[in-house]
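Subject: Structure handover

Hello,

Here is the structure I promised you. Please open it first, then read my notes below.

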Amino acid sequence: MISLHRIPGEQAPLALLLEADPSTDAIARYLADGHCVVARLDDAVVGVYVIKTLSAATWELMNIAVAPERQGRGIGALLLHHAIDQARQLGAKRLELGTGSFGHQLTFYQRAGFRVVAVEPDYFLQHYPEPLFENGLQHRDRLRLVLEL
Ligand SMILES: CC(C)(COP(=O)(O)OP(=O)(O)OC[C@H]1O[C@@H](n2cnc3c(N)ncnc32)[C@H](O)[C@@H]1OP(=O)(O)O)[C@@H](O)C(=O)NCCC(=O)NCCS
């Protein structure tokens, strides 16, 4: 049985957060003032998300990740819908995020209603220390997605 719990940033599961974001510095920055929720299955942490306020009305989903061996079973969708509800309850009118321009993550967000509002060309080339490949294709451009709440 999966249960969701808000936890303090210093207790966040770093290994899981690194599945979605390779930068420990960036993770430390948004954990400091973010709202972190974990999914537990029995006693194990199997998923996590972090949302953070950008302005009173706009929050950003900074990270969402599910343990590799637990992916594809609905835990990600459960966390994403919880993040949307939390942002709404915290007063957000929109939830934003940045993601790659192709791949299952993009469809994952689009299924929840997120729309593409901008492209940041070469973002992954400029901000990531290592080339990022998925299905043999290199990620170059980052998309900004928004869900109006
Ligand atoms: C993105 C992520 C959080 C989704 O979590 P999840 O628990 O696998 O998601 P769900 O089981 O709720 O699946 C949602 C949908 O995505 C699809 N999906 C999930 N993982 C997939 C994969 N590896 N390949 C293809 N499709 C996948 C599922 O088929 C599912 O579609 P369906 O509802 O039509 O069956 C998870 O894949 C993950 O942690 N990835 C690594 C970190 C990451 O990339 N985070 C996002 C950074 S932008």
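Which side chain makes a polar contact with the side chain of E96? The partner is R144, and the contact spans 2.7 Å. Keep in mind that this is a predicted model. E96 belongs to strand β5, which covers residues 94-100. E96 counts as buried because its relative accessible area is 13%, and the cut-off for buried is under 20%.

The ligand sits in the largest pocket. Helix α4 gives the largest share, with five residues.

The shell has 18 residues. V66, G72, G74, G76 and A77 come nearest to the ligand. By type, the shell divides into eight nonpolar, seven polar and three charged residues.

- G74: a backbone N or O atom lies 2.6 Å from an oxygen atom of the ligand.
- R73: a polar backbone atom is 2.9 Å from a ligand oxygen.
- Q105: here the side chain supplies the N or O atom, at 3.0 Å from an oxygen atom of the ligand.

How much of the ligand's accessible area does the protein cover? On its own, the ligand has 890 Å² of accessible area, and the protein covers 68% of that.

Best wishes

Technical notes
Residues are numbered from 1 along each chain as its sequence is written. This is a predicted model: local features need pLDDT of at least 70, side-chain atom pairs count only at pLDDT 80 or more; totals for chains, interfaces and linings use all residues. Side-chain values use heavy atoms; hydrogens and water are left out. A residue is near a molecule or strand if one of its heavy atoms lies within 4 Å of it. A polar contact is a pair of N or O atoms within 3.5 Å; within protein, one must be able to donate a hydrogen and the other to accept it, and residues adjacent in sequence count only if both atoms are side-chain atoms. Accessible areas come from the Shrake-Rupley method with a 1.4 Å probe; for residues, only the protein chains shown count as cover. On a 1 Å grid over the protein atoms alone, a cavity is a set of points where a 1.4 Å probe fits but cannot get out, and a pocket is an open set with protein on both sides within 12 Å along at least five of seven lines; lining residues have an atom within 4 Å of a point. A molecule sits in a cavity or pocket if more than half of its atoms lie within 2 Å of its grid points. Helices (H or I, at least four residues) and strands (E, at least two) are DSSP runs, numbered from the N terminus. Ala, Val, Leu, Ile, Met, Phe, Trp, Tyr, Cys and Pro count as nonpolar, Asp, Glu, Lys and Arg as charged, and the others, Gly among them, as polar. Buried means under 20% relative accessible area, exposed over 50%, partly exposed in between (1.4 Å probe, protein chains only).
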